[in-house]
Amino acid sequence: MTGLQLTAAAGKGSGASAEDAGEEDRLLGAYDEEYSADLRRINVSVTGMTCAACSNSVESALMSLSGVVKASVALLQNKADVTFDPALVKDEDIKNAIEDAGFDAEILPEPSTSHSKPGGTVIGQFTIGGMTCAACVNSVEGILRNLPGVRKAVVALATSLGEVEYDPTAISKDDIVTAIEDAGFEASFVQSSEQDKLVLGVTGIASEMDAQMLEGNLCTLKGVRQFYYDRTSKELAIHFDPELLGSRALVDMIESSSYGKLKLHVKNPYTRMTSKDLEESSNMFRLFTASLFLSVPVIFMKVICPHIPLLYSLLLRRCGPFQMGDWLNWALVTVVQFVIGKRFYVAASRALRNGSTNMDVLVVLGTSASYFYSVCALLYGAMTGFWSPTYFEASAMLITFVLLGKYLESLAKGKTSDAIKKLVELAPATAILLIKDKGGKVTGEREIDALLIQPGDILKVIPGTKVPADGIVVNGSSYVDESMVTGESAPALKEVNSSVIGGTINLHGSLHVQVNKVGSDTVLSQIITLVETAQMSKAPIQKFADFIASIFVPVVVTLGFLTLLGWYFAGVLGGYPKEWLPENGNYFVFSLMFAISVVVIACPCALGLATPTAVMVATGVGANNGVLIKGGDALEKAQKVKYVIFDKTGTLTQGKATVTTAKVFSDMDRGEFLTLVASAESSSEHPLAKAILGYARHFHFFDVPSAIKDAQIKGLESKSSAWLLDVSDFSALPGEGVQCFIGGNKILVGNRKLMTENRVAIPNHVENFVVELEESAKTGVLVAYNNDVIGVMGIADPLKREAAVVIEGLKKMGVTPVMVTGDNWRTAKAVAKEVGIADVRAEVMPSGKADVVRSFQKDGSVVAMIGDGINDSPALAAADVGMAIGAGTDIAIEAADYVLMRSNLEDVITAIDLSRKTLSRIRLNYIFASAYNIIAIPVAAGVFYPWLRIKLPPWVAGACMALSSITVVCSSLLLRRYRKPRLTTLLEITVE
């Protein structure tokens with residue numbers, strides 16, 4: 001796979017080149033390019049969001065600002081992405097809006113790269129703590145959008161990350177962190193594309209004197225702007241001037257200045273973020289265990305102690321105005337409610353301050369009602385002597401179960417991002433650097449941190465180890481296993497001048513590799529970027545959940561209030577017997593318990609997690625199978641595909657054209673004829689031209705002994721003019737051929753259309769010969785010399801072996817295959833007949849392929865286009881679903897929605913099949929989440945109590961609420977068991 005380059009998805013219809021795409025689109029690149037370059041966009045990680053209501057709140061706050069063009073919040077990834085017009089919205093306005101939203105944010109940096117974004121902006125990555133739902137995400141996105149100098153922002157709930165593109169001359173990383181913290185969230189900077197910050201782990205510091213020595217040495221280093229050494233974590237953060245100092249030189253200088261006492265290693269940003277996720281899960285587990293430890297005695301006193309006379313008598317002993325049991329209940333539950341449960345009050349106040357509601361509001365309402373009622377009941381009893389029952393255990397157990405749910409949910413959500421973690425782990429930690437003298441002779445080798453590799457380095461890759469970075473083999477040969485990156489199972493032979501991909505495994509021989517790409521430019525980093533981008537995107541189906549989340553909490557609170565009033569007035573008016581009341585209870589207490597159960601059992605989180613968790617798992621599964629999906633939108637559209645349009649050359653065929661026939665229809669010598677045609681085609685990049693050139697070269701040296709032939713061919717490669725004729729006035733005519741002048745004679749090489757336009761007559765015997773070629777699925781290339789046809793070359797491009805069975809499989813899935821090609825009708829029909837395609841569009845110019853796509857879209861059908869991503873970009877952009885097949889060429893296809901890493905057509909089936917199964921899982925998640933609330937709320941409200949005596953205590957309702965979101969996440973995780981259809985079972989696929 002040569003020159004493999006991946007970019008994030010860009011908008012349909014973008015005309016930017018692949019190189020521009022690589023520069024312009026990173027993790028933030030999921031936006032349409034139709035927006036003006038004058039717009040700004042910021043990307044921030046948000047913590048504190050718990051459900052879709054949070055993200056809706058943030059999006060609403062952002063979109064309410066005049067000048068905001070687009071705002072997108074990813075609940076699961078804790079990321080927000082906003083585009084705005086800086087002429088209408090000041091950066092300070094955006095900052096204030098996010099601060100008012102009250103969410104934590106942290107700038108998301110791009111993995112280290114050697115260049116900044118165009119226009120002098122850089123991308124920063126931040127971790128954001130405190131987000132609990134989609135509303136929180138929306139709030140943080142709003143804050144970041146208003147910051148001065150910020151262009152783009154994306155926040156993801158699941159990863160608690162934010163990524164921001166900003167102008168470092170207008171705003172600093174510290175300003176962004178401060179803005180997020182001012183909004184009530186925790187924030188810290190991770191990394192940026194400026195490549196001016198290095199986070200190092202330090203070993204060898206045994207005392208304070210060693211630390212002072214380190215700091216003293218840093219002060220004397222030229223190019224070091226500022227540094228901070230954390231004595232607790234033993235991490236050293238250094239800001240330096242990359243124009244004066246390289247990262248590897250900096251590390252070497254620090255180690256040498258300590259006389260070898262200190263050893264430094266670069267902290268991988270992804271590893272650091274993973275440790276933060278583990279820290280969050282660990283923190284949630286500590287809160288849960290603490291709450292459980294305090295809640296168990298409360299339940300014990302309520303349920304068990306009345307059956308143990310000795311203990312019960314102690315609890316009934318009066319101590320002041322209250323009994324001993326009441327004092328213990330109050331003390332234990334107060335700690336649970338206000339110390340352990342503080343996070344719920346903080347999150348709820350944050351949401352309310354932003355004018356939104358989320359799950360935390362429901363938890364706070366339910367637990368506070370139970371707690372404060374119990375406190376009031378005790379005070380009322382102390383003053384009047386009438387002791388009503390208390391419900392301290394409901395508050396304590398409710399918080400305990402919600403924390404348990406949050407802990408299990410964090411573990412489950414962590415598994416949805418396993419794909420990215422596995423990709424990150426592919427990169428080796430260290431590399432062997434070859435040291436050369438001025439003459440280029442190897443004088444030694446040293447082991448360096450893989451994150452300190454620089455372009456131009458020569459690395460030694462021994463058998464059984466991973467290739468540290470992308471590069472070119474300069475010495476040695478070996479087979480390399482690229483399956484973990486490209487999906488190709490067969491090891492690839494790598495020789496001198498072969499390209500290698502970082503993260504792949506060298507199997508046999510030793511290789512010397514010259515590095516040409518590091519950091520975010522590597523294939524592995526760009527694959528990770530694509531997967532991250534896809535996981536941050538929102539599928540259109542999620543709009544339903546966002547709408548429900550926006551009204552969910554107010555509706556539930558209203559239902560709870562109506563439940564309270566309904567049961568209370570029904571009791572007062574004699575609607576049910578007093579025997580239903582608890583001992584020493586009254587109608588208000590009886591009604592309040594139903595109302596609290598309604599408030600706490602309702603769960604907006606399940607709806608909010610239904611889509612993003614499934615999309616995260618599906619994109620990861622796709623990446624593991626060599627199918628890179630650029631977003632939830634692409635997933636949703638692919639499952640509705642009705643027509644799949646295939647390009648012929650390089651897609652249905654192997655793309656390896658070979659000359660099978662060379663017929664001369666003049667007195668010209670065969671060798672002279674081939675030299676003439678090869679000279680004319682030598683300046684063309686078309687696959688057919690390369691096939692003709694290769695055939696002519698082979699012909700000229702066919703009878704030369706092999707040793708001499710190899711040497712002469714190498715000479716020809718370096719001196720191509722040695723055997724080719726001088727060409728002038730060359731021009732390539734798309735869809736027709738080439739024309740030029742050789743020795744003052746006009747040469748035409750191409751199809752009938754080229755001959756007709758130049759008024760070249762085609763004799764009948766020549767036409768008959770070309771027809772024979774075309775009917776046997778070969779392409780006939782006509783050659784004219786001074787307007788006379790002098791010969792024909794027959795070129796064949798073998799079909800891929802799986803083409804016919806894939807076409808049949810698509811038909812079984814209810815998808816209609818179509819072939820579009822620039823080739824002539826006879827050849828096109830012959831190829832189509834061989835693979836089983838009935839609908840053929842031939843002699844279509846590259847620009848006309850997009851028109852073919854639109855013709856199928858007229859009736860509202862969803863159309864997929866499969867192309868090699870080079871001349872098919874307009875059609876890929878015009879199609880509802882564009883799939884670029886990466887068969888050995890650059891696959892930086894911003895127009896495509898899917899990138900098929902392998903050249904195997906089976907992956908088209910995999911892409912459609914995976915999208916169908918993903919959407920089925922999302923629908924199942926929605927059905928469960930909706931059905932849960934539809935059934936649970938009436939049960940909690942006591943609708944069935946008069947007949948079935950079913951009554952859910954508040955703490956049981958809380959347990960049900962916690963389990964609902966866990967069930968949805970676990971349902972999405974079942975997609976990890978997806979197995980792509982095998983070739984042998986492909987034809988058994990039927991329409992679902």
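**View 1. Helices and strands of the protein chain in a predicted model.** The protein chain holds 33 helices and 36 strands. It has 992 residues, and 56% of them are buried. Among contacts with a separation of 6 or more, 74% join residues 24 or more positions apart.

**View 2. An open sheet built from six strands.** The order of the strands across the sheet is S26-S31-S30-S29-S28-S27, with antiparallel pairing. Strand S26 (658-664) and strand S27 (728-733) form the edges, each pairing on one side only. On average, and with direction ignored, neighbouring strands of the sheet are turned by 15° against each other. Strands of a sheet pair through backbone hydrogen bonds, either parallel or antiparallel.

**View 3. The pairing of S26 with S31.** Strand S31 covers residues 788-796 and runs antiparallel to S26. Six bridges join the two strands. Within this pairing, Val664 stands opposite Gly791 in S31.

**View 4. The crossing of H22 and H23.** Two packed helices are described by the angle between their axes and the distance between the axes. Here the axes of H22 and H23 come within 9 Å and cross at roughly 145°. The crossing of this helix pair is left-handed. On the H22 side, the residues in contact are Arg670, Gly671, Leu674, Thr675, Val677, Ala678 and Glu681. They meet Ala689, Ile692, Leu693, Tyr695, Ala696, Phe699 and His700 in H23. Sorted by class, the contact of H22 with H23 contains nine nonpolar, three polar and two charged residues.

**View 5. Strand S17 and its pairing with S15 and S23.** Strand S17 (residues 458-461) pairs with strand S15 (residues 430-436) over two bridges, in the antiparallel sense. Leu433 has Leu459 in S17 as its bridge partner. S17 also pairs with strand S23 (residues 511-517), again in the antiparallel sense, over four bridges. Leu459 stands opposite Val513 in S23.

**View 6. Asn217 and its surroundings.** Asn217 lies in helix H6, which covers residues 208-220. Leaving aside residues up to four places away in sequence, Asn217 touches Ser257 and Ser258. With Ser257 there is a polar contact between the two side chains, at 3.4 Å.

**View 7. Asp174, an exposed residue in helix H5.** Helix H5 runs over residues 173-182 and includes Asp174. Asp174 counts as exposed because its relative accessibility is 53%, and the cut-off for exposed is over 50%. Asp174 and Ser188 are 14 residues apart in sequence. In space, the distance between Asp174 and Ser188 is 8.7 Å, C-alpha to C-alpha.

Technical notes. Residues are numbered from 1 along each chain as its sequence is written. This is a predicted model: local features need pLDDT of at least 70, side-chain atom pairs count only at pLDDT 80 or more; totals for chains, interfaces and linings use all residues. Side-chain values use heavy atoms; hydrogens and water are left out. Two strands pair if DSSP finds at least two bridges between them. Axes are lines fitted to C-alpha atoms, for helices over the stretch in contact, and angles run from 0 to 180 degrees between N-to-C directions. A polar contact is a pair of N or O atoms within 3.5 Å; within protein, one must be able to donate a hydrogen and the other to accept it, and residues adjacent in sequence count only if both atoms are side-chain atoms. Contact means heavy atoms within 4.5 Å. A crossing is left-handed if the near helix is turned anticlockwise from the far one by less than a right angle, and right-handed if clockwise. Ala, Val, Leu, Ile, Met, Phe, Trp, Tyr, Cys and Pro count as nonpolar, Asp, Glu, Lys and Arg as charged, and the others, Gly among them, as polar. Buried means under 20% relative accessible area, exposed over 50%, partly exposed in between (1.4 Å probe, protein chains only).
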